[in-house]
Amino acid sequence: MTTVEGIVLKERSVGEQDKFIDILTKESGVLEISVKGARKINGRTGSSTQLLAYSRFCIDKRGNYMYLNSAEPIHIFYGLRESLTKISLASYFAEVMRFCIKPEAQNGDIMRLMLNCLHYLETGERDERLLKSVFELRLMSEIGYMPDVVACRSCGAYEPEELFFCIADGGFFCADCFENDSSADYMKIKLPVLSAVRHIVLADFGRLFNFRVSEGSQQRLSALAEAYMLTHLERSFGTLDFYKSIV
Ligand SMILES: [Zn+2]
């Protein structure tokens, strides 16, 4: 029997009584676990296996399958269920994680990113749009798609007032060097947005959520982060479409 800590990313019913849950773990990526008699389980084990619950799971491994023996809640994030936009954004985070993180992938910072985003979303201590941008850009960086935001690709300018960011390749040209090339998808942004992107992809984890952006910059940052993630993952997400339909 093994014990792991994880966040439930998805639950789906099997037959009358059972369900499968997919959990995000620090050590083993995303695991699929069979929960026998899920409909009859109440109390602590029941709440531990709900969507977005952060719990400690005792698992029996038999062949290629894992079965839940018992579970204890660590934090259930009940506060997310008090707001439709919060639970919708959290569901989007879960769907993206489930798509991006494979079994056996080991990256403690990904688990930390998910827990921190859910925490700030639940407490309301950070703007939802800021959390969404941090989630999208930091996750992409952690899984190997970090944008190259060090300097202008042509002249090396570090802090241009205005620049053109290429969604497809993650690099940028300052306004002086930029030559319009209609074959690529560029986004015109100003320095504060570049600074925010740099912070999100490069900051130490302990400082990741400690920054602010103006209203205007947030709009550009939101558009950039979402386009960057969707372009590189080459797909859309139903939970994102729903979230955008209600905000
Ligand atoms: Zn330049």
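Which strand does Val8 lie in? Keep that in mind while going through the points below.

1. Before anything else, a caution: this is a predicted model. Residue numbers count from 1 along the chain as its sequence is written.

2. Back to the opening question: Val8 belongs to strand 1, which covers residues 2-14. Is Val8 buried or exposed? Val8 counts as buried because it has 22 C-beta neighbours inside 10 Å, and the cut-off for buried is 20 or more.

3. Who sits around Val8? Setting aside neighbours within four places in sequence, Val8 is in contact with Ile21 and Ile23, and also with the run Thr49, Gln50, Leu51, Leu52 and Ala53. As for Leu80, it is 72 residues from Val8 in sequence, with a C-alpha to C-alpha separation of 14 Å.

4. Next, have a look at the hairpin of strand 4 and strand 5. Strand 4 (residues 54-62) and strand 5 (residues 65-75) run antiparallel and are joined by nine bridges. Arg62 stands opposite Tyr65 of strand 5. Two residues lie between the strands, and Gly63 takes a positive phi near 60 degrees in this hairpin.

5. There is also an open sheet of three strands, in the order 7-6-8, with antiparallel pairing. Strand 7 (172-174) and strand 8 (186-190) are the edge strands, each pairing on one side only. From one strand to the next, the twist averages 25 degrees.

6. Within that sheet, how many bridges pair strand 6 with strand 7? Three, in the antiparallel sense, with strand 6 made up of residues 162-166. For a pair to check by eye, take Leu163, whose bridge partner in strand 7 is Cys174.

7. Helix 5 (residues 191-202) lies across strand 6 and strand 8, and runs at about 100 degrees to strand 8.

8. Finally, the helix pair. Helix 4 (residues 128-142) packs with helix 6 (residues 215-233) at an angle of about 35 degrees, and their axes are 9 Å apart. The crossing of these two helices is left-handed. On the helix 4 side the contact is made by Arg129, Leu130, Lys132, Ser133, Glu136, Leu137 and Met140. Helix 6 brings Gln218, Leu221, Ser222, Ala225, Glu226, Tyr228, Met229 and His232.

Key:
This is a predicted model: local features need pLDDT of at least 70, side-chain atom pairs count only at pLDDT 80 or more; totals for chains, interfaces and linings use all residues. Two strands pair if DSSP finds at least two bridges between them. Helices (H or I, at least four residues) and strands (E, at least two) are DSSP runs, numbered from the N terminus. Axes are lines fitted to C-alpha atoms, for helices over the stretch in contact, and angles run from 0 to 180 degrees between N-to-C directions. A crossing is left-handed if the near helix is turned anticlockwise from the far one by less than a right angle, and right-handed if clockwise. Two residues are in contact if their C-beta atoms, placed from the backbone, lie within 7 Å. A residue is buried if 20 or more other C-beta atoms lie within 10 Å of its own, exposed if 12 or fewer, and partly exposed in between; C-beta atoms are placed from the backbone.
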